[in-house]
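The following exercises concern one protein structure.

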Amino acid sequence: MTEAAPERAARVVLVDDHRMFRTGVRAEIGRTEVTGIDVVGEADDVDSAVRVVAETRPDVVLLDVHLPGGGGVEVLRRSAGLMGEQGGVKFLALSVSDAAEDVIGVIRGGARGYVTKTITGTDLVDAIFRIADGDAVFSPRLAGFVLDAFAATDTPPVDEDLDRLTQREREVLRLIARGYAYKEIAKQLFISVKTVESHVSAVLRKLQLSNRHELTRWATARRLV
């Protein structure tokens, strides 16, 4: 007996700077005859993302927060015209980061939801269709960040020390502060241990700190953990 065709269909673009991760997501959700998801394009940095989204006009873009060329927020900014159209492109952030600043940044930029990379394939497919239908979707506890941010009347003060760090350095900093070993961070972020060490050295230098214990205290004091 042949399997019934899916009742719903959605065209999707994958934006992530790790090819291995994109391949895994495509394998998980891209069986169109089963999931109804048609992956119509991929991109690994801001420029290619903006170009592919404009060319394919998908229903939903799965957007990583940290990308070469300015990050997911820059993709959203440069794609604002496509989001504003009737039946326009919708963006769902899909990231390893669960930091409040990342969540709030892309939602302010126009994304309709934010889920972390721990999401299952089945739940991701469901999230894509909900986003396509105009709903907002968040991983557990992340919605609270958004509600708090938009309910706040005061603009949070600028942290000049934090602003010195790149997005990737902030990501490594958070994982270090949570007690992750270098090998665990490398696996989590799909980078080499040597690259992790380089990022940690850069963070220590920029923040004028001496070791990972001081990093942890610094991050904890700013509620980045």
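**Exercise 1. Determine which residues arginine 170 touches, where arginine 170 is found, and whether it is buried or exposed.**

Solution. Step 1: beyond the residues up to four places away in sequence, arginine 170 touches Glu101, Leu162, Asp163 and Leu165, where contact means heavy atoms within 4.5 Å. Step 2: arginine 170 is found in helix H10, residues 167–177. Helices (H or I, at least four residues) and strands (E, at least two) are DSSP runs, numbered from the N terminus. Step 3: arginine 170 counts as buried because its relative accessibility is 13%; buried means under 20% relative accessible area, exposed over 50%, and partly exposed in between (1.4 Å probe, protein chains only).

Two notes on the model apply throughout. It is predicted, with local features needing pLDDT of at least 70 and side-chain atom pairs counting only at pLDDT 80 or more, while totals for chains, interfaces and linings use all residues. Residues are numbered from 1 along each chain as its sequence is written, and side-chain values use heavy atoms, with hydrogens and water left out.

**Exercise 2. State the average pLDDT of the protein chain, and find where confidence is lowest and where it is highest.**

Solution. Step 1: pLDDT is the predictor's confidence in each residue, from 0 to 100. Step 2: the protein chain averages 86, and 90% of the residues score at least 70. Step 3: confidence is lowest in helix H8 (residues 142–151), with a mean of 69, and highest in strand S3 (residues 60–63), at 97.

**Exercise 3. Describe the place and surroundings of aspartate 64, and report what UniProt lists for Asp64.**

Solution. Step 1: aspartate 64 sits in the loop between S3 and helix H4 (71–78). Step 2: with a relative accessibility of 4%, aspartate 64 counts as buried. Step 3: leaving out residues up to four places away in sequence, aspartate 64 touches Val15, Asp16, Asp17, Gly72, Leu94, Ser95 and Lys117. Step 4: an unreviewed UniProt entry lists Asp64 for "modified residue: 4-aspartylphosphate". UniProt positions are given in the numbering used here, feature names are shortened, and annotations may be inferred rather than shown by experiment.

**Exercise 4. Examine the phi of arginine 57 and of glutamine 208.**

Solution. Step 1: most residues other than glycine have a negative phi. Step 2: arginine 57, in the loop between helix H3 (46–56) and S3, has a positive phi near 45°. Arginine 57 counts as partly exposed, at 42% relative accessibility. Step 3: glutamine 208 has a positive phi near 55° and is found in the loop between H12 and helix H13 (212–221). Glutamine 208 is exposed, with a relative accessible area of 73%.

**Exercise 5. Locate alanine 93 and identify its contacts.**

Solution. Step 1: alanine 93 is found in strand S4 and counts as buried, at 0% relative accessibility. Step 2: apart from neighbours within four places in sequence, alanine 93 is in contact with Leu63, Val65, Val106, Gly113, Tyr114 and Val115. Step 3: the C-alpha atoms of alanine 93 and valine 106 are separated by 7.4 Å, although these residues are 13 apart along the chain. Step 4: Val106 is one of the buried residues in H6.
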